[in-house]
Amino acid sequence: YHCFDLVQSPMAPMEVETVATVGARKWSPGSWRSCETLQMATYEDSQDSYAATMDKLSKVPPLVQPGEVDALREQLAAAARGEKFIVQGGDCAERFMDCTADYLEAQLKLIVQMGALMESATGMPTVRVARMAGQYGKPRSSPVEKHASFGEIKSYKGENINGYAPTDRAWDPDRLLQGYWHSCATLNTMRGLQMADDFGASTVGDLDLDFLKPSPHYAAWSKAADKAKAAEEAKAAAAKQRAAREEELRAAAAASGDGASEEVQRILASAKAESEQVVADASAAGRQLTSAAKAEAGALTSEAASKASAIRSQAEGVASAARREASGAKSELSSLRSEIASLEQRGAATQAEYDKTFFLNFGKRGELKDEVKRLKDDAARATKKADKAAKAVDKTAGDLEKAEASAAKAGEQAAKIEADAAAKAAKVTAEAEKQAAALSKKAEGEAAKVLKSAESKAKAAAKAASSSGSVLPGAAVGGASKIVKP
């Protein structure tokens with residue numbers, strides 16, 4: 001991820017290069033030196049040591065062979081075509097102290113387990129990429145940092161450059177060699193672990209998903225894990241059987257002479273290519289089936305979700321309107337009751353004042369008497385309105401109860417639509433997976449027949465060479481490789 005050559009100033013626009021301009025470049029191991037480089041370590045105080053380190057690095061074997069790069073390119077191209085799924089994992093920055101057998105094995109197993117789970121869940125082969133064996137450089141926004149005890153020190157730029165301890169921040173070119181050796185050790189360990197035929201089966205067999213039990217997706221992932229374990233165990237068993245048969249043939253060919261051995265290898269290599277093609281074709285057909293089924297299942301669930309949403313929305317709209325009406329009726333009744341209480345309170349106060357003025361001002365008494373009558377009349381009218389509002393409250397409450405019951409029923413109807421669609425989608429997917437598995441099984445049978453026929457031919461060739469003592473025609477080809485079960 002750390003493409004130092006492409007680091008730009010925040011204010012500078014990044015130029016987008018075309019495939020043609022990149023492809024036209026003349027590459028060499030040192031061509032990177034002609035590119036702009038930022039955040040690079042400098043070794044002004046140790047130029048001699050730096051030169052010696054660069055000279056040594058230019059002579060040691062490459063960490064990765066060209067064939068491995070080509071193989072990865074082919075797998076990434078398959079992923080770009082939608083035929084494989086990439087699973088990548090690893091640390092942002094590796095440390096020399098973590099280059100231990102136990103740590104590396106745990107990292108590798110985790111990535112293998114992730115790949116197996118994704119392969120089981122998606123039905124698609126995975127390209128498992130370990131971000132390991134070289135993540136020893138880290139970019140920094142500043143070449144220096146402030147430390148509470150040591151003041152200004154150089155920033156930690158990864159084990160290739162300097163150490164993490166504040167006292168180990170000097171840029172040391174010898175660390176580049178240490179990074180190479182640690183990368184070698186990491187790659188050697190990873191390759192060695194994967195050489196075992198049962199590595200995948202034992203690694204996936206150790207998969208523990210108990211920590212996912214609180215998750216609502218635990219059942220689905222547990223099922224995927226069981227499926228992945230069964231697939232890896234089948235691969236391991238098939239690999240052991242093939243290895244035993246190939247060893248038997250090699251021994252027979254060796255006993256019959258070099259010519260027979262070459263012919264046996266030619267026959268086996270041809271059968272290997274043919275059987276792998278049979279399996280690959282079946283795998284592609286199976287992926288098409290499952291992909292089409294997933295698309296159909298997605299359409300079913302999407303359509304059901306849309307219908308269910310419309311039903312819920314309509315019912316909720318009715319219920320919401322009923323809630324508003326009920327709330328309005330309650331609010332009106334409460335307001336009227338408050339008004340009645342106020343009128344009654346004012347009427348009582350006016351009546352009290354009227355009683356006090358009995359022997360005093362007859363004009364004032366008349367005004368108070370009229371006011372008392374007006375307040376009583378207003379209270380009576382408000383009471384009638386309140387009685388009507390109370391009836392409205394009862395009616396809207398009933399309407400709301402019906403609307404909410406209808407909304408609940410609509411929710412059940414919507415849930416049933418979704419559940420039926422999910423069941424139908426699951427059935428479609430399961431049927432496609434079943435058909436894909438049948439295709440795969442049939443292809444494995446055909447591939448096994450091809451290999452068995454090749455074995456018979458190889459044995460016959462070895463026997464003929466042994467009895468006649470003649471040298472059979474044919475070019476030496478690499479040993480029969482394992483057929484990878486999709």
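Predicted model: local features only at pLDDT ≥ 70, side-chain atom pairs only at ≥ 80, totals over all residues.
With a relative accessibility of 36%, Leu72 is classed as partly exposed, because its value falls between the limits of 20% for buried and 50% for exposed residues.

The chain as a whole contains nine helices and four strands, and these elements follow one another along the sequence in the pattern α-α-α-β-α-β-β-β-α-α-α-α-α. Of the 486 residues in the chain, 29% are buried. The chain exposes about 30300 Å², of which 57% is supplied by carbon and sulfur atoms. When contacts between residues at least 6 apart in sequence are considered, 74% of them join residues at least 24 apart.

Lys157 is situated in the loop between E4 and helix H5, the latter comprising residues 174-195. Although Lys157 is buried, this residue has no salt bridge, and the nearest side chain of opposite charge, that of Glu145, is 10 Å away. A salt bridge requires a distance within 4 Å between a side-chain nitrogen of Lys or Arg and a carboxyl oxygen of Asp or Glu. The side chain of Lys157 does, however, reach the backbone oxygen of Gln39 at 3.2 Å. Residues up to four places away in sequence being set aside, Lys157 touches Gln39, Tyr136, Gly137, Lys138, Arg140, Asn162 and Trp171.

Gln39, which supplies the backbone oxygen reached by the side chain of Lys157, lies in the loop between helix H1 (19-23) and helix H2 (47-57). At 30% relative accessibility, Gln39 counts as partly exposed, and its backbone has a positive phi of about 60° although the residue is not a glycine. A positive phi is also found at Ala133, a residue other than glycine, where the value is near 65°. Most residues other than glycine have a negative phi. Ala133 occupies the loop between strand E2 (126-130) and E3, and with a relative accessible area of 12% it is buried, since this value is under the 20% limit.

Within strand E3, His147 is partly exposed, at a relative accessibility of 26%. Once neighbours within four places in sequence are left aside, the contacts of His147 are with Ile153 and Pro166. The C-alpha atoms of His147 and Pro166 are separated by 7.9 Å, the two residues being 19 apart along the chain.

Key. Residues numbered from 1 in each chain as written. Heavy atoms only, no water. Buried < 20%, exposed > 50% of the residue type's maximum accessible area, 1.4 Å probe, protein only. Helix = DSSP H or I, 4+ residues; strand = E, 2+ residues; numbered from the N terminus. Lys, Arg positive; Asp, Glu negative; His and termini not counted. Polar contact = N/O pair within 3.5 Å; in protein donor to acceptor, adjacent residues only side chain to side chain. Contact = heavy atoms within 4.5 Å. Areas by Shrake-Rupley, 256 points an atom, 1.4 Å probe, with all protein chains shown as cover.
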